[in-house]
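Here are a few notes to read alongside the coordinates.

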Amino acid sequence: MGGLEWSTAISACEALSYAGYDDWYLPNKDELNAMYINKAEIGGFNDKNFSFYWSSIVRPVHASNDYAWCQDFYDGEQAYSVKKNNHRVRCVRRD
């Protein structure tokens, strides 16, 4: 999925029913980084410049709580981004 605000990304993953499974969720930052490290083997990622993907992690102890963690699949940069920004989404399944 591409171009979603953070809250919409959370909801989209939770509502996803795909390949006979309905236990999808937005990955945490460690799961997202593992996908980045293995992106060639996994496939299907947009890894052009500024190809950020959302994680489920919010910025801790921030007065406005307007930021969530994301990762650029072009160069591996990890950073907080404003939740209203549109970033890509890759849902994962529960074990």
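1. A charge counts as sitting over a ring if NZ of Lys or CZ of Arg is within 6 Å of the ring centre and within 35 degrees of the ring normal. By that test, Arg 93 lies over the face of Tyr 21, and the distance to the ring centre is 3.5 Å. Lys 29 is placed over the face of Trp 69, with 4.7 Å to the ring centre. Please keep in mind throughout that this is a predicted model.

2. Next, the aromatic rings. A pair of aromatic rings is described by the distance of the centres and the angle of the planes. The count here is 6 aromatic pairs. In one of them, the rings of Tyr 36 and Phe 73 have centres 5.5 Å apart and planes at 90°, so this pair is edge-to-face. The two residues come from distant parts of the chain: Tyr 36 belongs to helix α2 (residues 29–37), while Phe 73 is in the loop between β3 (67–72) and β4, 37 residues apart.

3. How buried is Phe 73? Its relative accessible area is 0%, so Phe 73 counts as buried. Phe 73 also forms an aromatic pair with Phe 45, and this one is stacked, at 4.7 Å centre to centre with 20° between the planes. Again the pair links distant parts of the chain, since Phe 45 lies in the loop between α3 (39–42) and β2 (52–58) and Phe 73 in the loop between β3 and β4, 28 residues apart. Phe 45 is buried too, with a relative accessible area of 13%, because buried means under 20%. Which residues make up the cluster linked by ring pairs? Tyr 36, Phe 45, Tyr 53 and Phe 73 do.

4. On to the sheet. Strands of a sheet pair through backbone hydrogen bonds, either parallel or antiparallel. Here an open sheet of 3 strands runs in the order β2-β3-β4, with antiparallel pairing. Its edge strands, β2 and β4, each pair on one side only. From one strand to the next, the twist averages 40°. Between β3 and β4, the antiparallel pairing extends over 5 bridges, and Ala 68 stands opposite Ser 81 in β4.

5. How do the helices sit relative to these strands? Helix α1 lies across β2 and β3, and runs at about 85° to β2. Helix α2 packs on the sheet and touches β2, β3 and β4, with its direction making about 15° with that of β3.

6. Finally, the cysteines. A disulfide is a covalent bond between the sulfur atoms of two cysteines. The model has 1 disulfide, which joins Cys 13 to Cys 91 at an S to S distance of 2.1 Å. The torsion about the S-S bond of this pair is about -85°, so the disulfide is left-handed. It connects distant parts of the chain, with Cys 13 in helix α1 (residues 6–15) and Cys 91 in the loop between β4 (78–82) and β5 (92–93), 78 residues apart. Both Cys 13 and Cys 91 are buried.

7. What about Cys 70? Cys 70 is in no disulfide, and the nearest cysteine sulfur, that of Cys 13, is 15 Å away. At 2% relative accessibility, Cys 70 counts as buried, because the cut-off for buried is under 20% relative accessible area.

Note on methods: Residues are numbered from 1 along each chain as its sequence is written. This is a predicted model: local features need pLDDT of at least 70, side-chain atom pairs count only at pLDDT 80 or more; totals for chains, interfaces and linings use all residues. Side-chain values use heavy atoms; hydrogens and water are left out. A disulfide is a pair of cysteine sulfur atoms within 2.5 Å. Helices (H or I, at least four residues) and strands (E, at least two) are DSSP runs, numbered from the N terminus. Buried means under 20% relative accessible area, exposed over 50%, partly exposed in between (1.4 Å probe, protein chains only). Rings of Phe, Tyr and Trp (its six-membered ring) pair if their centres lie within 6.5 Å; planes under 30 degrees apart count as stacked, over 60 as edge-to-face and the rest as tilted. Two strands pair if DSSP finds at least two bridges between them. Axes are lines fitted to C-alpha atoms, for helices over the stretch in contact, and angles run from 0 to 180 degrees between N-to-C directions. Contact means heavy atoms within 4.5 Å.
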